[in-house]
Amino acid sequence: MDLEALKREAALRAVALVKSGDRVGLGTGSTAKYAIEEIGRKLAAGELTGVVGVATSEASDVLARQVGIPVEPLDPRPLDIAIDGADEIAPNLDLIKGLGGALLREKLTEVQARRFIVIADHTKLVEHIGEKSALPIEIARFGFLSTIERLRAILPAGRLRQPGAQPYVTDNGNYIFDAQIPAGTDIAALERQLKGTLGVVDTGLFLGMAERAFVAAPDGVTELT
Ligand code: 5RP
């Protein structure tokens, strides 16, 4: 079974939790895409009615509208459920997110969800946060070189995300600094330190937010809580 089929299996398990009338946080990335498509399919088939989406990126907004999900902006009301992928999933459901660049809108949306459900294939499981993935940190463009200096004092191994001649720009007009987390780091303390660093908009650490994760492997889908 290829990874795409596994991602879709995990997504379908999460979408089974969506009820008619729910306001749903729509994640971003190659796994979340399957969840958005499945919600659209269920709406078209009449298996769900009255579902409204809140998109965590411009790309997911476009996809949701394409598959027939009405999309609303985020407002102060709680969301019934949010479904999204992750770059790393620790045993306690702490996450790294943001390799897809949508971490700020994802965190703003998912923190407001009564239920935040993570979907992934088994390659995203880790014992310790930072084991496999860099940590994306969204930073303001203004003065970004100064912010990077401050960040390098905390996380020395890191670099500005720059896929081509120009830095990567998020949907919010910011840059991303991708940093390696040294083994043995106190992750909660790191999050506090990063959030207290001038120029940092937010980080890809999603700590204590997820209610459950559906993780698909060739031998089946595991539900982590
Ligand atoms: C985007 C994200 C994604 O959820 C994360 O990168 C996982 O993506 P994929 O499902 O494509 O592996 O955080 O900002």
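Reply: Ala, Val, Leu, Ile, Met, Phe, Trp, Tyr, Cys and Pro count as nonpolar, Asp, Glu, Lys and Arg as charged, and the others, Gly among them, as polar. What you see is a predicted model, where local features need pLDDT of at least 70, side-chain atom pairs count only at pLDDT 80 or more, and totals for chains, interfaces and linings use all residues. Numbering starts from 1 along each chain as its sequence is written.

Me: Okay, how many nonpolar, polar and charged residues are in the shell around the ligand?
Reply: A residue belongs near a molecule or strand if its C-beta atom, placed from the backbone, lies within 6 Å of it. There are 18 residues around the ligand. By class, that shell splits into 5 nonpolar, 9 polar and 4 charged.

Me: Now the sheets: in what order do the 6 strands of the open sheet sit?
Reply: Helices (H or I, at least four residues) and strands (E, at least two) are DSSP runs, numbered from the N terminus. Two strands pair if DSSP finds at least two bridges between them. Here the pairing is mixed, and the order reads β2-β1-β3-β6-β12-β13.

Me: Which strands are at the edge of that sheet?
Reply: Look for strands that pair on one side only. Those are β2 (52–55) and β13 (220–224).

Me: How many residues lie between β12 and β13 in their hairpin?
Reply: β12 (residues 212–217) pairs with β13 in the antiparallel sense, over 5 bridges. Going along it, F214 faces E223, V215 stands opposite T222, and A217 has G220 as its bridge partner. The number of residues between the two strands is 2.

Me: What about the 4-stranded sheet: which strands stand at its edges?
Reply: This one is open too, with antiparallel pairing in the order β8-β9-β7-β10. Each edge strand has a single partner, so one side of it is left without a neighbour in the sheet; the two are β8 (158–160) and β10 (200–203).

Me: At what angle does α5 run to β9?
Reply: Axes are lines fitted to C-alpha atoms, for helices over the stretch in contact, and angles run from 0 to 180 degrees between N-to-C directions. Two residues are in contact if their C-beta atoms, placed from the backbone, lie within 7 Å. Helix α5 (residues 144–154) lies across β7, β8, β9 and β10, and its angle to β9 is about 20 degrees.

Me: How are α2 and α3 arranged, roughly parallel or roughly antiparallel?
Reply: Angles under 35 degrees count as roughly parallel, over 145 as roughly antiparallel, 65 to 115 as roughly perpendicular and the rest as oblique. Helix α2 (residues 32–45) and helix α3 (residues 58–66) pack at about 25 degrees, their axes 9 Å apart. That makes the pair roughly parallel.

Me: Which residues of α3 do A32, K33 and I36 meet?
Reply: The contact of α2 with α3 divides into 4 nonpolar, 1 polar and 1 charged. On the α3 side sit S60, L63 and A64.

Me: And what is the handedness of the crossing of α1 and α2?
Reply: The axes of α1 (residues 3–15) and α2 come within 8 Å and cross at roughly 50 degrees, so the helices are oblique to each other. A crossing is left-handed if the near helix is turned anticlockwise from the far one by less than a right angle, and right-handed if clockwise. This crossing is right-handed.
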